[in-house]
Amino acid sequence: VERGRFSEAIQLYRLAESGLSTNQQQRLLELAALSKDSASRNGSTPETLDNQFARAEELATAGKYAEAIQSYQRIWETHRGLPRGQEARYRQGLCLSGQAKYEEALLCWASLVGVAGASQWKEHAIIESARLQAFQLARYNEAVETYKQFLRKFPQSSRREEAEYQLAGAFYLNRDYQSAQLHFTRFITEYPRSGVAGEASQFLAKCKTALEALAKPARKKQNA
């Protein structure tokens, strides 16, 4: 399908799926054509994909999340097979998160991850989902699994360092100090020059302190 006729192809496909009769479909197409012709006579033309995206970005940057979400949704509905459409879906999730609609953001990103084919925006959607699960919803076990999924699927990701650190943090917040200690140690070893290596060392010390505190009652019982 030629780029200029992509929207027409989508329209035809949706009509075919609608269950309407051929005559009804033709009438809807005629009405759509009349509407388009009227808009053209009034000096307005359909926005290009880049213009639609730029407009959505302006709304999001201005903090007008509700309007931005609608704009991103329209782009996603008609261009989900394109990188721009998938980026729109990812950024729609960010806007939902900005409104503290965390569950909706997770659903939004899940639909993006479910699209066939490779995409850098799936990568971002997975790690952002894990971040919400851990640090906004306190669903640490889910977050751990999501981080592991990310690290398994995207071993060469530019966000791997971020994921490794946050995974260790999720273990720590879940009071799984032994796992946290293991992952903070690994993080410091793999990323000694990281901007958060100092914080990781502090958390590692806290893990050791917590494990020692937990071990004291056990030692007392053994000595009793």
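Predicted model: local features only at pLDDT ≥ 70, side-chain atom pairs only at ≥ 80, totals over all residues.
**Entry 1: H5 against H7**

I looked up how two packed helices are described: by the angle between their axes and the distance between the axes. Then I turned to helix H5, residues 83–98, and helix H7, residues 120–135. Their axes come within 9 Å. They cross at roughly 15°. Angles under 35 degrees count as roughly parallel, so H5 is roughly parallel to H7. I also noted the hand: H5 passes H7 in a left-handed crossing.

Which residues make the contact? On H5 I listed Pro 83, Gln 86, Glu 87, Tyr 90, Arg 91, Leu 94 and Ser 97. On H7 I listed Trp 121, His 124, Ala 125, Glu 128, Arg 131 and Leu 132. I sorted the contact of H5 with H7 by class: six residues are nonpolar, three are polar and four are charged.

**Entry 2: the largest nonpolar core**

Next I looked up the largest nonpolar core, which has 26 residues. Those with the most contacts inside it are Tyr 147, Phe 150, Ala 163, Leu 167, Tyr 172, Ala 180 and Phe 184.

Which helices each supply at least two residues of this core? I found H7, H8 (140–153), H9 (160–173), H10 (177–190) and H11 (197–223). H9 gives the most, with seven residues.

**Entry 3: another core**

Tyr 90 was already in my list for the contact of H5 with H7.

Conventions
Residues numbered from 1 in each chain as written. Heavy atoms only, no water. Axes fitted to C-alpha atoms, helices over the stretch in contact; angles between N-to-C directions. Helix = DSSP H or I, 4+ residues; strand = E, 2+ residues; numbered from the N terminus. Parallel < 35°, antiparallel > 145°, perpendicular 65-115°, else oblique. Left-handed = near helix turned anticlockwise from the far one by under 90°. Contact = heavy atoms within 4.5 Å. Nonpolar A, V, L, I, M, F, W, Y, C, P; charged D, E, K, R; others polar. Core = buried A, V, L, I, M, F, W, Y, C linked by side-chain atoms within 4.5 Å. Buried < 20%, exposed > 50% of the residue type's maximum accessible area, 1.4 Å probe, protein only.
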